[in-house]
Amino acid sequence: MKRWLWLVVALAPWVWAQPASPLLPGKDAAELVNRSIQLMDAVAVSIPDMSRAGAPLIESARQAEANLKQRAGQSSFSYSFLTSLRGFVTLADAIAKPYPFAPEAARQISELRDNLVRFEAHFRAVLDQRETQLRGPDRDNLRRFSEANKTLAPAVAGKPRVVFYGDSITDFWRLNEYFPDAPFVNRGISGQITSEMLGRFKNDVVDLKPDAVVILAGTNDLARGVSIPSITSYYTMMADLADLHKIKMIWSSVLPVSDYHKDQNPAWEMTRIRPPAQIRALNDWLKSFCAQRGYTYLDYYTPMVDSAGMLQADLADDGLHPNSAGYRIMAPLALEAIQRVTGSNAGQTTVKPKKKGLFSRGQAED
């Protein structure tokens, strides 16, 4: 007993001395960013030459803060804020200060330096966390449908099996309500990008031996800054796999987005991270790709976009995820494409009205 007591006493100072994790909770990180911008404004006032010289850095920091409010933890926006803060502190240290220099102004610069050190440590911790996730054993989330794939009922003659494949727009779609008695299989996973979908394509599409697959993907890639050439490469690789296994391809257009609901929630300003011009460019590529390879192009975009180039306000409650009105437009279009590709009349669209707000949770990414 005395031996254990001695060990506890000996180790106690070491345990208590261990530093807290540099990774800040989302709320604390947001407060640190906001406080730093307040200090930058104050320092710019206290040092006359900083008002002009530091203005671009302050504006850049504000822009990064606005982006982080929509996509908290997005490393590119965090890095943008970090570089703006670092540049401002470097400038404040180098520029000539009035004499005598107010003690409060000196304290503000000191706090700003401390904030820089703290946010830099947080940013490095975010990168380390992301790297750990990427090296994890199930980056593409194959476990999500592992059991469902094993227990999937055998295909029925005369009723073509079709897999709906994509991100949350597919994940949230209750196929059995929109396509009663049709053997359509939902394999959407919220938040996924095309590289992750490629990673699970064999498990969640090929191994199910469907007659056709309906793919809706790409909006999350745009939100995360993935280039269009990279997205189209993943499209092509999924298509090659489907061709190899004689699965008919139905490529869905990327849906338009809108900012109509941002007054309810700032995170619902969707066009900032999903620019409409990039959505149109991706859809143009998809349409051309389908024409070249003889695939079916499923155009959701045209009937859902308004004259301003945005998703019609009443089709989504957050500017991104279709509500029941949005799915009522999509369902017959999908069914028509499936019947044309499979040569079957299986499936009906008997859609009951749903309460508006079904998808008003406002995920920053789908």
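# Cavity, strands and cores in a predicted model

Asp167, Ile169, Leu216, Ala217, Gly218, Thr219, Val254, Leu255, Pro256, Val257 and Leu320 line the largest cavity, where a cavity is a set of points on a 1 Å grid over the protein atoms alone at which a 1.4 Å probe fits but cannot get out, and lining residues have an atom within 4 Å of a point. This is a predicted model, in which local features need pLDDT of at least 70 and side-chain atom pairs count only at pLDDT 80 or more, while totals for chains, interfaces and linings use all residues. Residues are numbered from 1 along each chain as its sequence is written, and side-chain values use heavy atoms, with hydrogens and water left out.

**Cavities**
- The largest cavity holds about 50 Å³ of space, a volume being the space filled by probe spheres set on grid points that are joined across faces, edges and corners.
- Three cavities of 30 Å³ or more are counted by this rule.

**Strands around E4**
- Strand E4 (residues 248-252) is largely enclosed by the rest of the structure, because four of its five residues are buried, that is, under 20% relative accessible area with a 1.4 Å probe and protein chains only; strands are DSSP runs of E of at least two residues, and helices are runs of H or I of at least four, numbered from the N terminus.
- Strand E3 (residues 212-216) pairs with E4 in the parallel sense over four bridges, pairing requiring at least two DSSP bridges between two strands, and Ile215 stands opposite Trp251 in E4.
- E4 also pairs in the parallel sense with strand E5 (residues 296-298), over three bridges, and here Ser252 stands opposite Leu298 in E5.
- From E4 the chain crosses through helix H14 (residues 276-293) to E5 in a right-handed β-α-β crossover, meaning that, with the strands pointing away from the viewer, the path from the first strand over the helix to the second runs clockwise.

**Nonpolar cores**
- The largest nonpolar core has 36 residues, of which Tyr165, Ile215, Tyr235, Met238 and Trp251 touch the most other members; such a core is a set of buried Ala, Val, Leu, Ile, Met, Phe, Trp, Tyr and Cys residues joined through side-chain atoms within 4.5 Å.
- Elements that give two or more residues to this core include strand E1 (162-166), helix H13 (228-244) and E4.
- A second, separate core of 30 residues includes Val162, Phe164, Ala325 and Ala337.

**Gly54**
- Gly54, in the loop between helix H3 (48-53) and helix H4 (55-70), is buried, with a relative accessible area of 0%.
- Leaving out residues up to four places away in sequence, Gly54 touches Phe88 and Leu91, contact meaning heavy atoms within 4.5 Å.

Terms used:
Buried < 20%, exposed > 50% of the residue type's maximum accessible area, 1.4 Å probe, protein only. 1 Å grid on protein atoms, 1.4 Å probe; cavity = no way out; pocket = protein on both sides within 12 Å on 5 of 7 lines; lining within 4 Å.
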